[in-house]
Amino acid sequence: MTRGKLFVISGPSGVGKGTICKKLFEADDNLRFSVSMTTRAPREGEVEGKDYFFVSKERFEELLQDGQLLEYNKFVDNYYGTPRGPVVEWMEQGYDVLLEIDYHGAFQVREAYPEAVLVFIAPPSVEELKARIRGRGTETEEQIEGRIAQAMDDMAQADEFDYLVLNDDLNTAVWKVQQVMRIEKGKEV
Ligand code: ADP
Ligand code: 5GP
């Protein structure tokens, strides 16, 4: 059996990563989503074990010490990380695995798995990014400011990625990420 491939999707908060990933999963049965662990509070409608594993800071630090996280980062006062076990098992079973994580995490994954494919999702403009974050309506104004400041830092890392996909028209962006996946999988045939 061919080992699955590891894909990493990064980009500033509010650029549309979650929206794109949802469409990728709807279209590909062989793709598995790595559910991250976080210490932030669940947003309205978020489901434990589906959107995130919501844990305390103490529990997160325990798992980190124990080597159970493939990568992690602290973002706007909260920890986020990828549980190692499922990612390794899925790839061994032949599934492709998608991580939706920030660039700090993406570069840690590249260190651990140099063959991982890193895709950066970029917004059409900073104004549009702000509008999307505000439009989502899930953060306070203070949190929004924090995320926008972070977004500027994120954008500066785009060149370090293997691919850059502009999320202007959603369906075009999804199609482009799917093309990246096909090309990268084709390399192993
Ligand atoms: P992220 O996961 O990167 O933080 P989301 O997927 O939550 O971003 O998207 C942020 C907001 O932008 C959502 O309200 C989403 O519906 C909207 N959005 C995503 N992609 C597009 C797009 N191509 N055009 C317009 N709005 C979009
Ligand atoms: P949010 O709070 O909007 O769900 O996520 C905030 C940021 O954390 C986003 O940039 C998101 O990509 C990133 N993130 C989510 N999960 C992980 C993870 O497991 N590891 C890392 N490094 N970043 C993550």
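This report describes the overall fold dimensions of a predicted model and the surroundings of its two ligands.

The model is predicted, with local features requiring pLDDT of at least 70 and side-chain atom pairs counted only at pLDDT 80 or more, while totals for chains, interfaces and linings use all residues. Residues are numbered from 1 along each chain as its sequence is written, chains are lettered from A and ligands numbered from 1 in the order in which they are written, and side-chain values use heavy atoms, without hydrogens and water.

**Overall form**

The protein has seven helices and nine strands; these are DSSP runs numbered from the N terminus, with helices being H or I of at least four residues and strands being E of at least two. Its C-alpha trace spans about 50 × 40 × 30 Å along the principal axes. The radius of gyration is 16 Å, which agrees with the value near 16 Å for a compact globule of 189 residues (taken over C-alpha atoms; the globule rule is 2.2 Å times the number of residues to the power 0.38).

**Ligand 1**

The shell of ligand 1 holds 14 residues, of which Gly 14, Lys 17, Gly 18, Thr 19 and Arg 136 come nearest; a residue is near if one of its heavy atoms lies within 4 Å. By class, three of the shell residues are nonpolar, six polar and five charged (Ala, Val, Leu, Ile, Met, Phe, Trp, Tyr, Cys and Pro count as nonpolar, Asp, Glu, Lys and Arg as charged, and the others, Gly among them, as polar).

Polar contacts, meaning pairs of N or O atoms within 3.5 Å, are listed here for both ligands.

| Residue | Residue atom | Ligand atom | Distance |
|---|---|---|---|
| Val 15 | backbone N or O | ligand 1, oxygen | 3.3 Å |
| Asp 168 | polar backbone atom | ligand 1, nitrogen | 2.9 Å |
| Leu 170 | backbone N or O | ligand 1, nitrogen | 3.4 Å |
| Tyr 52 | side-chain N or O | ligand 2, oxygen | 2.5 Å |
| Asp 102 | side-chain N or O | ligand 2, nitrogen | 2.8 Å |
| Arg 147 | side-chain N or O | ligand 2, oxygen | 2.8 Å |

On its own, ligand 1 has 570 Å² of accessible area, and the protein covers 72% of that (Shrake-Rupley method, 1.4 Å probe). Helix H1 (17-27) and helix H5 (126-136) are the elements that give two or more residues to its shell. H1 provides the largest share, three residues.

**Ligand 2**

Around ligand 2 there are 16 residues, with Ser 36, Arg 40, Tyr 52, Glu 71 and Tyr 80 the closest. Four residues of this shell are nonpolar, five polar and seven charged.

Definitions and conventions
A polar contact is a pair of N or O atoms within 3.5 Å; within protein, one must be able to donate a hydrogen and the other to accept it, and residues adjacent in sequence count only if both atoms are side-chain atoms.
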